[in-house]
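Here is a short note to go with the structure. Please read the points in order with the model open.

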Amino acid sequence: VISPEYSYSVVTGTDTDSLTLKAASELENYFLRITGKPLPLSDVTEPGTKIIFIGKGGLLEGNLAREIATLSRDGFIISSDPDSLVLAGNNGNADLQAVYTLLEEHAGCMRFTEKEDYVPAAAKIRVPVNHQVYEPAFSFRVAHFPDREKPGFTAWNKLSTFGEWGMFVHTFPQLMPPSEYFSTHPEYFSLVNGKRIQDGQLCLSNPDVIRILSENLAVRMAQAPEKIYWSVSQNDCINYCECPECKKLYEKYGAVYGAYIEMANKIAAQFPDKQISTLAYQFTRQAPVNIKPAENVNVMFCSIECNRSMPLAEDPRSSGFVKDLKEWSSLTDNIFMWDYVVQFRTYLCPFPNFHVLQPNIQLFHSQNIPMMFQQGSGSSWSDLAELKQYYIAKLLWDPYLNGDSLINR
């Protein structure tokens, strides 16, 4: 029990991450909001003082410290006995998520949006004697709705950010601008219907294209060396190259996308400490044969053509997509699933897809997809956007929660 009746020593350790300190501050803040009284803190541990460990910094080497070390980046533990409580992961963000989870599961607090939360009144917070490990179903989790970039919402609901991304989707024109290259080297660009065009894709059979992409990417990487994920990916159109050499690659790999994976593999080999992300989107959705993505090639697999009003596994119209999904998951476990959970025609029009969201997320989890991006209406308001972003966030952490109970609550 966390109660005004007792005295507490909050231990965060030395050289503490700023987010771990924020986690301690948030626990104190919410305790005051819940009970109306400040958390009784003590600078010294005396008989009767209970200890709250926030973060692993204050833990001595022992079973708990060793267990925390085995957790994923976002994993954490909530462990309690009558005299101590441990809320800790391997970094400050996980520590903060541990505190928010405690407040939600044991104090009944909720946060629906950046500005809207629910804090019940109570005399104390009851935490059962227990040891629980929390690990996400997906290592990367984004609900692309109005609060996607709002830390108050994302941290509470255990969503990911794009902090590790240096370049993100449709990057051909950034890495090889037609305005710079087309007039002097049209052969770098797609041959379509017998003509080189600058508003299509690149000619990936041309070794100079791979060289220039790599050189220009290296310049970008040098400007942001801390970034891990770098997208080298097709334009948002079709118009792929029809030159004889590119056609040979398509035939060799059984699909147009084989040429794109070959391109990504060649670039990834030059940057082994980075992740090279490339799209499997529209004409490149089909998995190739006779080639596999390198370990540091991230495949961004997209469901844009699919009907969004029926679960993918139940809709005959989506059988081709499900087939491609399974083939991709047999080739690589480095997949970024870009799923669409909104209809684009009119955001304000009701789009009742709650019966679709959970079955699809469970399908992706069953195929061992590690990274999930659920594209809603972005920064725009849409029907029930607040409820949908909350609901999706919870399912991206645990796809097997009771969905109806989440919505009813």
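1. A cavity, as the word is used here, is a set of grid points where a 1.4 Å probe fits but cannot get out, and its lining residues have an atom within 4 Å of a point. Keep this in mind for the points on cavities below. The model is predicted.

2. Overall make-up. The protein has 13 helices and 16 strands. Its C-alpha atoms fill a box of roughly 85 × 45 × 35 Å, taken along the principal axes. There are 409 residues in the protein, and 55% of them count as buried.

3. Second largest cavity. The residues that line this cavity are I78, S80, H106, V127, P128, N130, H131, Q132 and Y134. Two elements each give two or more residues to this lining: strand 3 (76–81) and strand 7 (130–134). Strand 7 gives the most, with four residues. Sorted by class, the lining of the second largest cavity holds four nonpolar residues, five polar and no charged. The volume of this cavity is about 60 Å³.

4. Largest cavity. How many cavities of 30 Å³ or more are there? The count is two. The largest cavity has a volume of about 80 Å³. Its lining is made of 13 residues, and R308, D339, Y340, V356 and N360 are those that lie nearest the centre. Strand 15 (335–340) and helix 11 (354–366) are the elements that give two or more residues to this lining. Helix 11 supplies the largest share, three residues. By class, the lining of the largest cavity has seven nonpolar, four polar and two charged residues.

5. Why can strand 16 be called largely enclosed by the rest of the structure? Strand 16 covers residues 371–375, and five of the five are buried, so the strand is largely enclosed by the rest of the structure.

6. Partners of strand 16. Strand 8 (residues 140–144) runs parallel to strand 16, and five bridges join the two. Within this pair, R141 stands opposite M372. Strand 15 also runs parallel to strand 16, again with five bridges. Here the bridge partner of W338 is F373 in strand 16. Between strand 15 and strand 16 the chain passes through helix 11, and this β-α-β crossover is right-handed.

7. One residue to check by eye. Where does T101 sit? T101 belongs to helix 3 (residues 92–107). Is this residue buried or exposed? T101 has 3% relative accessibility, and buried means under 20%, so T101 counts as buried. The side chain of T101 makes a polar contact with the side chain of K158, at 3.1 Å.

Key: Residues numbered from 1 in each chain as written. Predicted model: local features only at pLDDT ≥ 70, side-chain atom pairs only at ≥ 80, totals over all residues. Heavy atoms only, no water. 1 Å grid on protein atoms, 1.4 Å probe; cavity = no way out; pocket = protein on both sides within 12 Å on 5 of 7 lines; lining within 4 Å. Points joined across faces, edges and corners; volume = space filled by probe spheres on them. Nonpolar A, V, L, I, M, F, W, Y, C, P; charged D, E, K, R; others polar. Buried < 20%, exposed > 50% of the residue type's maximum accessible area, 1.4 Å probe, protein only. Pairing = 2+ DSSP bridges. Right-handed = clockwise from strand over helix to strand, strands pointing away. Polar contact = N/O pair within 3.5 Å; in protein donor to acceptor, adjacent residues only side chain to side chain.
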